[in-house]
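This report describes some backbone features of a protein model. The sequence and structure come first, and the text follows.

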Amino acid sequence: MPRITLPDGKLLEFPQPVSGRQVAEAIGPGLARKAIGVKIDGAEIRDLDRPITEDARLTIITAKNEDPDALWLLRHSCAHVLAEAVCELFPGTRLAYGPPVDDGFFYDMATPRPLTSDDFATIEAKMAEIVKANRPFSRVDYPCEAGLARTAGDKFKADNAQRAIAKGAKTISFYSTGNPGEHWEDLCAGPHVPATGVLGAHKVMSVAGAYWHGDQNSDQLTRIYGTCFADDKGLKTYLVRLEEAKKRDHRKIGREMDLFHLQEDNPGQVFWHPKGWSIYRTLEDYVRGRIRDRGYVEVKTPSVMSKSLWEKSGHWAKYRENMFTTASEEREFALKPMNCPGHIEIFKQGLRSYRDLPLRMAEFGSCCRNELSGALHGIMRVRGFVQDDAHIFCTEAQIPGEVADFCRLLKEVYRDFGFGDDRVLVKFSTRPAVRVGSDESWDRAEAALADACKQADLAYEVRAGEGAFYGPKLEFTLLDSLSRQWQCGTIQVDYQLPSAERLDAQYVGEDGQKHHPVILHRAILGSIERFIGILIEHFAGKFPLWLAPEQIRVLPITDEHVPYARELGDRLRRADIRATVDENSEKLGAKIRLARTDRVSYFAVVGAQEVAERTVSLQNQAGEKLGSLAIEALIERLCAEVADKRIAPTAAVGAG
RNA sequence: GCCGACGUAGCUCAGCUGGCCAGAGCACCGCUCUCGUAAAGCGGGGGUCGUGGGUUCGAAUCCCACCGUCGGCUCCA
């Protein structure tokens, strides 16, 4: 008979199988009222009313926005309410698949007519009715045969049921929102909340096309996205966060700050304006400095290289779809989508010795990839971009040291942008089923990556089988100020490309024999374009001083003060400070307003008093008055802040 | 690429049940004001209504095609 261990260690014993609800009642009636499900042994989430027959560690799940399990349950159940509403409003709708996802849920379905956002209000009204009726979610289990029979004639649900059976399901379950047989039902593994009444804080978010099982050649379905929270407050907070993300959209801020533009006739290609290019150059120069300190050499390889090279590298066979090609005098060429083949060509010039290794070859390499038009997104996903790329040619024995060194470098770099350890996630992808190379070399490479993370004190999550066919990899994901994830850095171990079958890179070893080096492909920022997009959204355009395109603007109060303002601007620029002067004949209030909406880091007001004293009256973007400073003190202050790469404490907080 | 929505001045948007010469605010240019911490006043220029076709006496408005943008295109019941 089940012995139930509660999270606080307390043990409850029951003479017969109990439901989660009965356990909750045994603890207290208040908890029983609030419970929406239980978690068993920290793994399986189960309906409140399903029996527990074995001993278990049990957690009662209540509807709380902070509990991912609670949200998962609410959203999964809310997907049913959405589906029921749509089925009722649009007879003939066939349901396909409706899981909870990160920020809500979706339901894919075939509807008799296309749905648009104009239908949301009607759907939400119907959902509200279902919630208000507070009908129970009732589960009925059927033996596989019988369950399958119930789905007969429904292509999607029959497919789902068959897949479930193939995966070893012992029964096929259906959930109805109400009484089985009487109310609407859906094939579903569950679990669900006890009744529809707890699903009040929901919203239909968007509609999009999707394919059955994500397969382009399969049925085109309508996907409706929605979300659900434990209460209206949670929903509201989420919606405010979405608003905040919208305000921070790099496409909007890029335009407002005059950083770059994209235009119709060159989809996926960025035109960098002076201020955007200032950020770009600052990033490049910064990374250049960091890798120089780590013993890298920098190179530049051609943008257009002949088909024969890409055939040897394997790109022509595997990556052709994404390559821009061109021809001249009957020879075919391709714009480089990656820098590695070029770097190997440099490595192969002359005879390399083991003494040359590790050779760390870096390039700010301009790459072109013909991304699908539908995948383009501002400067985050483009067709022309620059990677802070490098390839480390080394021996197998050098892999651990090189990877560990890279992880340390990467951590330092991320920290300078305000992404501390708590904002870096590491994913470690291990050997896939289809791969090249011996198991021994995979063992060594994987151990080296895991060990490097430990040395650099970076926690990682293993993604088994997700590695490239030629080697394992680490992927580094940043968590921005709105807690969104962006994969940026990576390091991959590659035995393939330098091999005799591919580009045949060689060095002479201590033994006088020729050997193939191992190549570590690595990047920290990833694409500079994308990284700038991330920074724009992370900082909402209010860059730390060292990155800011306009670090200070001098605001003369009247035309009389313009000469002093110009002199000041010149002094600041000579001290390597990005300074401008606002010479418009506007009132001071207007100039200040403009300086702040332009997100200039600091502005210096100069009037009669400042001219006389040779000082400035300083204020920052946030509107804090910083008092009167002499010119020298101002320069010293700004230079110190740039040198520190100081991040304003408010900058990274945001609304997230 | 596929599905859906959208495309009007540099920006944000109105007009779009077909019909006065296509509008507003901001920005821009000119003039006046020379001003002390988030928008001074007046005047002016600017749009082949994404592109191309069609329907119509008449198209920003209706239809078709194309281009582009935005959202989405599994996290396997």
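Pro-191 is found in the loop between strand 13 (185–187) and strand 14 (201–211). Helices (H or I, at least four residues) and strands (E, at least two) are DSSP runs, numbered from the N terminus. The model is predicted, so local features need pLDDT of at least 70, side-chain atom pairs count only at pLDDT 80 or more, and totals for chains, interfaces and linings use all residues. Residues are numbered from 1 along each chain as its sequence is written, chains are lettered from A and ligands numbered from 1 in the order in which they are written, and side-chain values use heavy atoms, with hydrogens and water left out.

Most residues other than glycine have a negative phi, and most peptide bonds are trans. The bond from Gly-190 to Pro-191 is cis, and a cis peptide bond also joins Leu-357 and Pro-358. Pro-358 sits in the loop between helix 12 (340–348) and strand 22 (359–368).

| Cis peptide bond | Omega |
|---|---|
| Gly-190 to Pro-191 | near -5 degrees |
| Leu-357 to Pro-358 | about -5 degrees |

Asn-134 has a positive phi, near 50 degrees, and is not a glycine. Its place is the loop between helix 4 (120–133) and strand 11 (137–143). With 43% relative accessibility, Asn-134 counts as partly exposed. Buried means under 20% relative accessible area, exposed over 50%, and partly exposed in between (1.4 Å probe, protein chains only).

Glu-330, also not a glycine, has a positive phi of about 65 degrees. Glu-330 lies in the loop between strand 20 (325–328) and strand 21 (331–335), and is exposed at a relative accessible area of 85%.
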